[in-house]
Amino acid sequence: MVKTKTDKGNIKNTLRKISLKRETPKSAFILLALLYAISYYMVVITAKAHGTVVLFGVTLDISSFTGVFSSLSNICLICMVLLFRKAGFILALALLSIQFPGILMNIIRLRNYRNIPGIFSNILVTISVTIIYLGSRRITLYQNSIREQAVTDRITGLPNRFAGGELMQDLIKNSEKFALVSIDINNFKSINDTMGHETGDNVLREIADRWRTLADSHKTGTTDFVGRTSGDEFYLIITGTGSSEAYKKTIDAYKDELERKITIDDCDYYLTACFGYTTCPDDSDVIENLYLFSDSALHEVKKKGSGSRILRFNHSVLNSEKDLEIERKIRSCLSSGKLLFNLQPQYDLEHNLRGFEALARMKDDDGSYISPVEFIPVAEKTGLIDRIDLGVFEMAASLLASLPNAENHDFLLSINVSVRHLMKNNFMEEIRRVISETGFPPHRIEIEITESIMIDSAEKALWRIEEIKKMGMKIAIDDFGTGYSSLSYLNSIPSDLLKIDKAFIDKMDDSDSSKQYVSMIISLGHILGLKVISEGVESQEQLDELKAIGCDYIQGYIWGKPMSPEKVSKLMESVDAGQPVNPQ
């Protein structure tokens, strides 16, 4: 059995540095210590003073300000513990301990009994900072555990795709040059099919260990960050150089390390891989584009057949024959009015219908369906996604508004809107036109967005969302939980609903930590006054677990697959008749 190494060296340190940059700056610690020293000095001065001051026409003893400055000094100590945890706690205890002998000496030697309240005050502050520290420590440990799950691949222990996104975001912020490499192991499926998934997982762990060791050794002459995306796909982020030759040399080193013989359970394996890479800022400085470009280069090089090949992205890669063909089909559907849609029902945990999510569908010339996984990325890349979003919204709203007894229902219509479409200047005019033409009430419309809308222009995004809310429509944050950065934007978006990504629901069957992660997202949503819906619920075990941890709504095959307009009409007839809901 091949074991995953626990010492992640350079990779672990890189993640830790990114996390530390989000901590309170050390300058704040110095400032708090300085404020404490000033406050405590004023306590000593005012306690000994015998004069008076006139404040707002009232004559006060200077000594009466002793309590004010004492409270300020205690607040500084509490802030130290809250913001800096262990370091703040140690300093707070040290400062409080130093005060005790002086107060006691004043009481015993000088018979200054006015200092007796100071003894009790110090004891209470000591107890308070201790309780705060212990509570904060438990929360910090839990947050670290959650972060570890959010950024770590379960099988290999390598950082996952979202951890790579965090690192690239930090590099872009600091204007650093780097290369993103997408890696795909050739013919890996044959290992799983012939030797079993356990052997396949062990091979992945061995690859991860080799590449992690190489990254930590710095033998490539660059600073490397390697992670696993999914399945047999990995990624590599190369920093410390801006040279194309250096990037190529580093990738060659990882290629050579992979191609050394791998022995698992006395069986030898010889593996190769394809590598597609892009550079920042030369190709782009937008994370989504970098992923798209490196993946496009990888797919292009894989077309050429097996064996190890390396290709740098160029824009001609995006115009592959397949993409062009799919683009042609999309345009044909839009121009001929053949764009289709399905509605997937959403329910509360008592199986009461909440509403529907509208999903785009397309058919090929031979009548077979084209997977959304294929046509949605092409539509986004070519700018056709706006017309698809709007067309699906218009058709779905027309259908639901025309159903018998439609005015008596309060179910929602949830529509997906791309970031690009949402930020268009005429977006609101398009929405108002559809509402006016279909008669579907705006308070029953829910617009799904992702937190990535905040990346390019947070100010414009919030302004647009406020426009939507003023019309009475609701906002849902889609695919929440797929990135640690989601938390930093959640409180900024005036949303109504969180949608937990299917990837986390899938893992609940195999991992207690995933259950805890889903439970944490649900609790976080409720704390912020939001409802939470889980996508991709397919088994009774998942449903029971979501009920137990307080999820509000579910969406998934267990209670409802995406439905044609005809099946939606039949479902609503059942609802009107008071019959048991059976969407299938």
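Visitor: Where is D283 found?
Guide: D283 sits in the loop between strand 8 (273–280) and helix 9 (287–302). Keep in mind that this is a predicted model.

Visitor: Why is D283 called buried?
Guide: Its relative accessible area is 18%. Buried means under 20%. D283 is under that cut-off, so D283 is called buried.

Visitor: What makes the link between D283 and T278 a polar contact?
Guide: The two side chains make a polar contact at 2.6 Å. The cut-off is a pair of N or O atoms within 3.5 Å.

Visitor: Which residues does D283 touch, leaving out those up to four places away in sequence?
Guide: D283 touches T278, F293, R312 and F313. Of these, F313 is 30 residues from D283 in sequence. The C-alpha to C-alpha distance between D283 and F313 is 8.0 Å.

Visitor: Why do C76 and C551 count as buried?
Guide: C76 has a relative accessible area of 8%. C551 has 6%. Buried means under 20%, so C76 counts as buried, and so does C551.

Visitor: How many residues does the protein chain have, and what share counts as buried?
Guide: The chain has 584 residues, and 46% count as buried. There are 21 helices and 18 strands in the chain.

Conventions. Residues are numbered from 1 along each chain as its sequence is written. This is a predicted model: local features need pLDDT of at least 70, side-chain atom pairs count only at pLDDT 80 or more; totals for chains, interfaces and linings use all residues. Side-chain values use heavy atoms; hydrogens and water are left out. Buried means under 20% relative accessible area, exposed over 50%, partly exposed in between (1.4 Å probe, protein chains only). Helices (H or I, at least four residues) and strands (E, at least two) are DSSP runs, numbered from the N terminus. Contact means heavy atoms within 4.5 Å. A polar contact is a pair of N or O atoms within 3.5 Å; within protein, one must be able to donate a hydrogen and the other to accept it, and residues adjacent in sequence count only if both atoms are side-chain atoms.
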